[in-house]
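The terms are given their cut-offs as they come up.

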Amino acid sequence: MSASKKRWKILADALLTRSISSESEEEVSVRRFRSFDLFPVQSKILDGDVTWHYFLLGSTILKIREVDKTVTKEDLAGFNNSGNVCIWPSEEILTYVCLNNEPLFERKTIIEVGGGMTCFAALAVAVKSFPKYVLCTDGNERSVQNVANIIKANDFPAQKVATATFDWTDMERVEGLRNQFDILLSADCLFFEESRKALVKAIWTILKDGGLAFIVAPARGGSLDNFISMCQTYNFIIHRVDTYDSIIANRHEKLCLENMSYNPDLHYPILLKLSKPILK
Ligand SMILES: C[S@@+](CC[C@H](N)C(=O)[O-])C[C@H]1O[C@@H](n2cnc3c(N)ncnc32)[C@H](O)[C@@H]1O
């Protein structure tokens with residue numbers, strides 16, 4: 001069994017039994033550190049079983065809901081459910097990086113892949129950066145349904161912001177999106193060993209010539225390095241940025257000193273920029 005399948009099985013067992021006794025130290029550690037607390041929540045509103053979080057992005061509100069946390073056996077037997085657990089730190093950092101580069105997204109076509117239950121980065125770009133079109137995707141149907149609810153609640157126009165189930169290993173779907181996007185976003189999607197190669201191929205295929213991918217993920221046991229070496233087999237111009245912001249760098253240093261649960265290999269998100277050259 002591959003490392004990512006094993007990881008998912010351990011998490012699934014733990015969720016079913018509500019016990020962490022069978023989890024590895026790494027699994028527990030991944031879940032212990034959840035946030036760099038970069039985005040203030042102005043208010044929380046309870047709507048039936050669901051809590052809406054009103055995130056303040058500058059002066060703009062983005063309403064975000066999490067999926068109902070009841071996990072069924074069907075969920076666990078189905079598509080990977082890790083995107084329905086929380087907004088992971090890499091997604092937070094991806095959002096932060098995007099919002100620090102707002103003009104880049106103006107009038108651009110954007111896709112987020114593996115965006116989980118919120119596609120937070122893509123939706124933050126949608127509210128803040130005047131993109132032409134934003135497509136929020138994940139392979140997990142429950143995540144995509146939740147994103148559909150979020151899009152509706154924020155009154156995004158359908159021709160500007162949409163969501164769809166998209167599995168990057170489905171080559172027919174990937175081909176259907178060939179050369180469609182100026183910018184691709186992805187956070188914490190590199191630990192799936194069995195589909196890493198397909199992800200690289202999908203990014204290359206989906207991006208237009210001259211397109212750019214922002215990928216954020218922790219180094220996690222060599223998975224980031226392995227992804228980079230797979231990217232090198234394509235013609236990507238690869239730019240790895242370990243220190244992308246002084247505020248995050250300071251927070252990271254403080255966490256290393258003060259938080260016993262913080263493990264940089266598992267928790268510190270690294271930014272990769274992949275440029276697809278324009279062919280002459
Ligand atoms: C750790 S979660 C990250 C979710 C979100 N980006 C975040 O950081 O909060 C990994 C995500 O990748 C998605 N995923 C895994 N394999 C996939 C595939 N082959 N195609 C599309 N999405 C996939 C999962 O459904 C999950 O939402």
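A nonpolar core is here a set of buried Ala, Val, Leu, Ile, Met, Phe, Trp, Tyr and Cys residues joined through side-chain atoms within 4.5 Å, where buried means under 20% relative accessible area, exposed over 50%, and partly exposed in between, with a 1.4 Å probe and protein chains only. The model is predicted, and for that reason local features need pLDDT of at least 70 and side-chain atom pairs count only at pLDDT 80 or more, whereas totals for chains, interfaces and linings use all residues. Residues are numbered from 1 along each chain as its sequence is written, and side-chain values use heavy atoms, with hydrogens and water left out.

Of its 280 residues, 53% count as buried. If contact is taken as heavy atoms within 4.5 Å, then among contacts between residues at least 6 apart in sequence, 76% join residues at least 24 apart. The chain exposes about 13300 Å², of which carbon and sulfur atoms supply 51%; accessible areas come from the Shrake-Rupley method with a 1.4 Å probe, and for residues only the protein chains shown count as cover.

In soluble globular proteins, nonpolar side chains tend to be buried together. The largest nonpolar core of this model has 82 residues, and L123, L185, I203 and F227 touch the most other members. Leaving out residues up to four places away in sequence, I203 touches L184, A213, I215, F227, F236 and L274.

I203 is also one of the buried residues of helix α8, which spans residues 196–206 and has nine of its 11 residues buried. What covers these buried residues includes the strands β4 (109–112), β7 (181–187), β8 (207–218) and β10 (269–275), together with the helices α7 (171–176) and α9 (223–231). Within α9 lies M230, which, apart from neighbours within four places in sequence, is in contact with R196, K197 and V200. M230 and L199 are 31 residues apart in sequence, and their C-alpha atoms are 9.8 Å apart in space.

Which residues come nearest to the ligand? Of the 23 residues around the ligand, these are W88, E91, G114, D138 and D167, a residue being near if one of its heavy atoms lies within 4 Å. The shell divides into 10 nonpolar, nine polar and four charged residues. A polar side-chain atom of D167 lies 2.9 Å from a nitrogen atom of the ligand, while a backbone N or O atom of G114 lies 2.8 Å from a ligand nitrogen atom. For N80, a backbone N or O atom lies 3.5 Å from an oxygen atom of the ligand. The protein covers 97% of the 590 Å² of accessible area that the ligand has on its own.

Two loop residues remain to be considered. Most residues other than glycine have a negative phi. D37, in the loop between α2 (25–32) and β1 (41–47), has a positive phi near 50°, and at 63% relative accessibility D37 counts as exposed. R107, in the loop between α4 (89–99) and β4, likewise has a positive phi, near 60°, and R107 is exposed with a relative accessible area of 64%.

How values were computed
A polar contact is a pair of N or O atoms within 3.5 Å; within protein, one must be able to donate a hydrogen and the other to accept it, and residues adjacent in sequence count only if both atoms are side-chain atoms. Ala, Val, Leu, Ile, Met, Phe, Trp, Tyr, Cys and Pro count as nonpolar, Asp, Glu, Lys and Arg as charged, and the others, Gly among them, as polar. Helices (H or I, at least four residues) and strands (E, at least two) are DSSP runs, numbered from the N terminus.
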